[in-house]
Amino acid sequence: MGSFHPHFKVPTAIDNCLQSVKAEPEGFEWIQLFNDPIFDAYIVRTWSAVDKYQNRSTCEDTIFLQRVIFDMIVCPPDTIISCDRLLIDPDSMYYFNPDQPLTSGVPTFNGDPLWTKRSYCDFTIKYEDLYAYKCPGTYTIHRYWYLSQIRPTMINEDTCHQIIEVVDTTGPWAKFYSPNVVKEIHNDVYGLPSNKSYNTIHFPTLDYDCLAYGYFPKPTVYDFCTSTDSIIVDLVWDNGHINYINGSPEADHLRFENLAKGKHIVTIKLRDLCHNTSYDTLIVVAEDKQAPYMVVDQHPVVSLNGEGQVTWIDASVFDEGTWDNCGIEIILARRVDWWKNGVDLCDNLTQLCGYEHDTVYCANLESDKHLNEVEAHYFEQMRWLKEDGGSCSPLLWNAWQYDLCRKGTFECKSYPKDQYDHFKKLYGAVPTCTEDFELGGHHPGNIDDWDRIGGGWSKEVPFFCTDACSGQKVTIEIIALDAYCNYSTIWVDVLVEDKSVPKVQHYLPDLDISCWAYNNYYRDSVEQGQWEVFGSYQSFKISNYTTLENRETIIYDRLCETTSSETEYYKLTQDTILNGLVFENCDLIVYETQKVHFERCGKGWIERHFVFKGGCGGPKADSLKVIQRINIYNDCPLQEHEIIWPAKDTTIYGCGYVNIKTNEPRLKHEDECREIGIHYKDRIVEILYNADYTCLKIIRTWAVIDWCRQTTPYHEDWIGNQNYHYYEFDQVIYIKNTEGPIISDCDIDAICIGASCTADLRKSITVTDDCTPADDIRVSWVLYENTEYGFLPLDRGDSSYAEVLNLPLGDYKLVWQAEDACHNITYCTDQFYVRDCIKPSPVCLTSATIRLLPVDVNQDGQIDTAVGEIWAQELNVSSYDNCFLDIDFRLRLKGTGTLDQNGQLVPPDSTQRESGLVAKILVFRRWKCGL
């Protein structure tokens with residue numbers, strides 16, 4: 001009976017006496033049904049229940065086994081299974097085993113699985129698997145189900161194809177088992193969620209620099225489906241990257257270098273061969289554990305600034321170069337007897353904490369400087385430490401407060417000195433004693449730290465006339481803390497003298513001024529000796545709480561940021577510094593000298609040496625010397641927006657490439673702080689033959705460099721060398737020439753025909769050009785003849801010499817054309833005639849007589865005149881012409897035979913009626929071309 005499916009119901013037994021009884025199976029009977037259309041068989045199960053009195057009851061139930069209807073069998077669906085299901089508990093509902101089909105789906109009937117390893121009734125089921133492998137741990141199973149049912153009258157068979165995808169979708173993960181890796185919360189790291197702990201490891205910075213070196217802890221890698229030896233691990237941090245394959249030799253050498261102090265996020269990326277990727281985070285803290293190395297003046301001497309007054313000496317005065325690998329956070333000093341000089345701690349005590357007969361009393365400092373200058377100074381120092389003194393302020397403030405309680409208890413009360421250890425335990429054990437402590441910071445400290453450090457720390461140390469008059473040195477202690485509150489202390493004996501030495505209450509700060517600002521704001525003043533532009537020292541008589549006005553000097557400079565202003569290409573800035581204050585109870589004499597040093601690129605420095613001497617100390621009074629250093633630096637690198645490049649496309653009217661000059665790049669603003677180099681290289685792209693007379697195209701690459709910013713040695717061929725930092729600009733230059741050639745000697749006089757009655761044209765010209773050589777000038781000519789249709793071409797040629805033979809008489813025009821290399825064309829036109837230059841040769845009678853016939857002109861019966869007629873041809877004897885036979889003869893009456901005063905014949909007129917009139921008659925010929 002134990003083989004029945006657990007879903008089969010079990011009867012419930014109830015006893016009348018409310019005792020617990022259970023129905024137990026006694027057996028079953030299988031009855032086979034052969035002809036039933038619905039059921040194959042049924043089972044009759046027998047159950048019994050017995051109470052503690054052996055009263056027994058039985059019952060039966062019947063289970064009908066429905067016949068599988070072949071057409072209602074449902075094939076299993078395709079499925080995707082995560083490979084990690086192979087690793088979970090086999091009893092889990094998510095467990096998968098390829099050898100157990102029920103874990104991935106089987107054919108069903110009425111929702112019930114049909115799979116069994118043996119056949120039952122008339123139904124048989126089996127399967128066959130084909131594997132297709134992918135990346136490690138993933139594969140595809142093609143499962144073919146074979147179903148068959150044997151009936152007395154038929155056999156049913158069918159096949160199901162089920163695809164089972166076993167996939168890896170989970171990335172690897174890593175764990176750190178190194179004892180140096182701890183879980184910590186880092187709310188101060190940008191980008192990390194608050195109140196979440198991360199794997200964290202701490203490394204110290206080295207003592208010679210503030211960088212950490214070491215090996216990252218090796219994470220142990222896990223993966224559900226893939227061998228961890230194939231996992232690719234990437235460690236990425238802000239300035240480094242390590243990549244390795246887990247299990248490879250590189251996995252044991254996770255060395256990092258140059259890790260700056262602070263907290264660093266190391267992202268751990270893990271990727272398996274199926275490209276599943278996961279991430280983890282390791283916080284690496286590089287922290288300074290090296291205390292500062294103190295260097296102080298071993299024999300300091302302090303001179304009082306006036307009789308009977310407190311002289312405050314800045315702690316930095318005693319420092320001679322205290323050094324820390326990660327930088328000094330703060331340097332303070334104190335008198336070792338700070339609670340005994342100028343301080344009365346017992347005049348104001350507070351019962352802080354403790355029990356009866358065992359109480360802690362704390363001293364309260366006076367806050368009003370008019371009542372107690374020294375206590376008020378210490379009060380302000382504590383306030384500064386508590387509010388904004390820096391990262392180590394909590395440690396120092398706690399130590400201050402602890403010491404005030406210790407001094408108030410031991411110095412002001414009759415607390416037994418031998419109970420000091422008990423005092424420390426009491427102070428730490430009672431919560432109210434330290435409720436105002438632990439202000440945060442890197443290392444707020446504990447009672448032992450507070451006890452070792454103590455109070456009295458200040459930026460300035462007070463000295464008094466009593467110190468000078470005692471003849472004994474004053475022992476002071478100097479403490480230096482770095483950013484991680486590692487601290488060192490040193491004792492120094494100070495010789496205090498009263499020589500009325502002036503006291504510098506406030507020093508003129510050293511200044512860093514850009515070369516540009518120096519040239520624009522300060523150079524003229526320096527050259528004129530007006531050094532107060534860098535600040536000045538003001539003096540006044542010592543009196544309590546003196547206030548001064550007009551202590552400010554404005555320092556002008558610029559920021560290396562671009563601006564949209566047309567007049568300023570950098571943002572101008574100004575800072576206000578306080579002028580120096582020199583306290584002296586007597587007259588103050590100030591001497592100032594200067595040292596000025598400049599180098600190339602405008603770098604340099606100015607040192608102002610001030611010597612202060614009080615007049616009341618007599619001729620032996622000491623003086624005080626301070627130095628203000630003004631560093632002039634080359635601040636802003638050359639930016640391209642400062643350069644005004646020449647026109648992108650430039651046209652030059654010239655003859656060729658040689659000595660082509662264009663406007664150079666220039667800077668928007670002159671800057672003497674740079675060594676600007678401007679150079680160019682030309683590349684002739686092509687020779688052009690364009691209608692716009694462009695002869696040549698040149699790409700001129702301009703380069704502008706600031707040699708003050710170069711680290712590579714100068715080389716004359718620096719353009720194109722990427723080791724130099726410069727700016728380039730391509731300028732396209734078009735060389736144009738619009739002046740055409742000059743044609744000389746193109747005039748032609750009339751040409752006379754020869755013996756053949758024709759003329760020969762032979763003409764040469766001279767052609768020159770400002771750019772094109774004569775041999776390269778293209779010369780051509782065209783000869784036109786004047787016809788009834790106008791001038792028409794008669795002949796042409798391509799040379800500077802024109803020759804046309806056998807020209808007949810007529811009107812002609814010769815046009816010359818000259819074209820230079822830039823296609824500038826010049827024309828020269830001359831019109832000429834071909835004519836007969838030889839006159840006809842007249843041969844006439846030397847004399848002839850004409851009979852005049854009388855004429856009555858007005859019909860009055862009187863003879864008015866006489867008229868005779870003769871034809872010119874009648875006078876011709878043998879006149880001829882060299883080319884023409886048709887000679888035209890004309891007569892002209894030249895004169896009367898009477899000469900005028902000039903010897904010329906006087907022409908006759910109608911009033912002359914003398915008989916025997918003599919006149920000179922000219923006979924001439926007219927030919928075709930005119931008279």
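The model is predicted. Helix H2 (residues 393–410) contacts helix H3 (residues 420–429), and the axes of helix H1 (residues 373–388) and H2 come within 8 Å. The structure also holds 34 aromatic pairs.

- E21 pairs with strand E28 (residues 487–497) in the parallel sense, over 3 bridges.
- Within that pairing, Val301 has Leu495 in E28 as its bridge partner.
- Strand E27 (residues 474–482) runs antiparallel to E28, and 8 bridges join the two.
- Thr475 stands opposite Asp493 of E28.
- E27 and E28 make up a hairpin with 4 residues between the strands.
- In the turn of this hairpin, Cys485 has a positive phi of about 65°.

**Helices H1 and H2**

- Two packed helices are described by the angle between their axes and the distance between the axes.
- For H1 and H2, the axes come within 8 Å and cross at roughly 140°.
- The H1 and H2 crossing is left-handed.
- On the H1 side the contact is made by Tyr378, Met382, Leu385 and Lys386.
- These H1 residues meet Ser393, Leu396, Trp397, Trp400, Gln401 and Leu404 in H2.
- By class, the residues of the H1 contact with H2 are 7 nonpolar, 2 polar and 1 charged.

**Helices H2 and H3**

- The axes of H2 and H3 come within 12 Å and cross at roughly 130°.
- That angle makes H2 oblique to H3.
- The crossing of H2 and H3 is right-handed.
- H2 contributes Gln401, Tyr402, Cys405, Arg406, Thr409 and Phe410 to the contact.
- Their counterparts in H3 are Tyr420, Phe423, Lys424 and Tyr427.
- The residues of the H2 contact with H3 divide into 6 nonpolar, 2 polar and 2 charged.
- Gln401 of H2 is among the residues that meet H1, and Gln401 is also among those that meet H3.

- Strand E51 (residues 810–819) and strand E52 (residues 825–835) run antiparallel and are joined by 10 bridges.
- Glu819 has Ile825 in E52 as its bridge partner.

**Aromatic pairs**

- A pair of aromatic rings is described by the distance of the centres and the angle of the planes.
- The structure has 34 aromatic pairs.
- In the pair of Trp707 and Trp718, the ring centres are 5.5 Å apart and the planes stand at 80°, so this pair is edge-to-face.
- Trp707 and Trp718 each lie in the loop between strand E42 (694–706) and strand E43 (726–736), so the pair ties together parts that are 11 residues apart in sequence.

Terms used
Residues numbered from 1 in each chain as written. Predicted model: local features only at pLDDT ≥ 70, side-chain atom pairs only at ≥ 80, totals over all residues. Heavy atoms only, no water. Pairing = 2+ DSSP bridges. Axes fitted to C-alpha atoms, helices over the stretch in contact; angles between N-to-C directions. Parallel < 35°, antiparallel > 145°, perpendicular 65-115°, else oblique. Left-handed = near helix turned anticlockwise from the far one by under 90°. Contact = heavy atoms within 4.5 Å. Nonpolar A, V, L, I, M, F, W, Y, C, P; charged D, E, K, R; others polar. Phe/Tyr/Trp six-rings, centres within 6.5 Å; stacked < 30°, edge-to-face > 60°.
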